[in-house]
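Please read the following report alongside the sequence and the coordinates.

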Amino acid sequence: MCKNNYKMDLSKRNLLKYSGGIAALSIVGSIPSITYAASLSKEERDGMTPDDVVNSLLEGNKRFISNKTLNHDYRAQKLSSQHGQFPSAVILSCIDSRAPAEIILDSGIGELFNSRVAGNISNDDILGSMEFACAAAGAKVVFVMGHTKCGAVKGAIANVELGNLTGLLDKIKPAIKKTTFVGNRTAENYDFVDAVAKTNVQLVIDDIRKNSPTLRKLENEGRIKIVGAMYDISNGKVSLI
Ligand SMILES: [Zn+2]
C-alpha cells in the first residue's frame, strides 16, 4: 500500500525510474523510502516534456518541505553518470548557503546543471553555460530561482561598494527601480528586498530571452521552457512566478 501511494506521488520522471527497476523501496521504521541507484538516464530525460521537468522540480521541493526526501545513493549516481550526463534542467540561483538548489529540489548527482552567482544575475558567461546545458546537453528547462532575504539584493538597495561586487550589484539595480512597492523602500525592509528579488528574476529572464538567440529559439520551438521562481528560506517553499 505504501508502495502504491508512493508511486502515485512520484513524477513522471520518477515513475520511469521506478518502473525501470533502478529504484528500490525500503522500509525504515514505518516510513517508506526510495533509494535511487542511478542518475537520470538519457531515455528518462528525453521522455520528459519541459512541463514534466518543472513538475518534477516542484515535487522534489515538496519532498524537501515535508522532510521526505529520496535516499540518494551518491556513490551509485557518481558511477552511473561517469560516462555521460543527462540533466533535465539548468538552474540559475544565488550563492546563498541557505539556498542550495540540488538539496531544496531533492535532486541527485548528474540530474541538474547549476549555475550559482550572487543575486542570480545573468551575464555572457552564464548565458553560455545555459546554452551549453540546453542546446548541447539537452536540458529542457532554464529555472531562474531567486530567494527571500537575499544579501545581494539587499546590498544593491543599500548601494554597497566592495571591489568587484560593486559591478555585480549594479546588475541588480534596474530591478529596484522597476519594483512597485508601497512602503519603506530600504534594505532594512525585507518585504521590499523580497519584492525586488522577484522583479530581479523577471528581469533576468527578460535578459536571457533578449541576449541569447539560442535559448530564445529553443523556447519558441517549444523545446525548452524558461521559468522563474522564488525560494522562501523561511518555509522552504519554491514558488513559480
Ligand atoms: Zn542571494
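## Pairing around strand S6

In this predicted model, S6 and strand S7 (residues 225–231) run parallel and are joined by seven bridges, where strands are DSSP runs of E with at least two residues, helices are DSSP runs of H or I with at least four, and both are numbered from the N terminus. Two strands are taken to pair if DSSP finds at least two bridges between them. Along this pairing, Phe 143 has Val 227 as its bridge partner in S7, Met 145 stands opposite Ala 229, and Gly 146 is partnered in S7 by Met 230. Strand S4 (residues 89–93) also pairs with S6 in the parallel sense, over five bridges, and there Ile 91 stands opposite Phe 143.

Strands of a sheet pair through backbone hydrogen bonds, in either the parallel or the antiparallel sense. The pairing of S7 with S8 is antiparallel and extends over three bridges, with Tyr 231 opposite Val 238 in S8. Six residues lie between the strands in the hairpin of S7 and S8, where Gly 236 takes a positive phi near 85 degrees.

## The sheet and its helix

Five strands form an open sheet of mixed pairing, in the order S5-S4-S6-S7-S8. Its edge strands are strand S5 (112–116) and strand S8 (238–240), each of which pairs on one side only. From one strand to the next, the twist averages 25 degrees.

Helix H4 (residues 50–65) packs on the sheet and touches S4, S6, S7 and S8, and its direction makes about 35 degrees with that of S6. For such angles, axes are lines fitted to C-alpha atoms, for helices over the stretch in contact, and the values run from 0 to 180 degrees between N-to-C directions.

## Burial and the nonpolar core

Strand S6 (residues 141–147) is mostly covered, with seven of its seven residues buried; a residue is buried if 20 or more other C-beta atoms lie within 10 Å of its own, exposed if 12 or fewer do, and partly exposed in between, with C-beta atoms placed from the backbone. In a regular strand the side chains alternate between the two faces of the sheet. In S6, Val 141, Phe 143, Met 145 and His 147 point one way, while Val 142, Val 144 and Gly 146 point the other way, and all are buried. Strand S7 is largely enclosed by the rest of the structure, because six of its seven residues are buried.

The largest nonpolar core has 52 residues, and those with the most contacts inside it are Val 142 and Phe 143. Such a core is a set of buried Ala, Val, Leu, Ile, Met, Phe, Trp, Tyr and Cys residues joined through C-beta atoms within 7 Å. Helix H11 (residues 190–211) gives the most to this core, with eight residues. Not counting residues up to four places away in sequence, Phe 143 touches Leu 57, Ala 89, Ile 91, Val 227 and Ala 229, a contact being a pair of residues whose C-beta atoms, placed from the backbone, lie within 7 Å.

## Two asparagines with positive phi

Asn 67, in the loop between H4 and strand S3 (71–72), has a positive phi near 60 degrees in a residue other than glycine. Asn 67 counts as exposed because it has 8 C-beta neighbours inside 10 Å.

Asn 120, in the loop between S5 and helix H7 (124–136), has a positive phi of about 40 degrees although it is not a glycine. Asn 120 is buried because 28 other C-beta atoms lie within 10 Å.

## The chain overall and its confidence

The chain has twelve helices and eight strands, and buried residues make up 39% of its 241 residues. Among its contacts between residues at least 6 apart in sequence, 72% join residues at least 24 apart.

The mean pLDDT, the predictor's confidence in each residue from 0 to 100, is 88 for the chain, and 85% of the residues reach 70 or more. Over residues 1–32, however, pLDDT stays under 50, and the model has 42 contacts beyond four places in sequence for this stretch. Where pLDDT is low, the predicted coordinates should not be read in detail.

Residues are numbered from 1 along each chain as its sequence is written. Because the model is predicted, local features need pLDDT of at least 70 and side-chain atom pairs count only at pLDDT 80 or more, whereas totals for chains, interfaces and linings use all residues.

Note on methods:
Contact = placed C-beta atoms within 7 Å.
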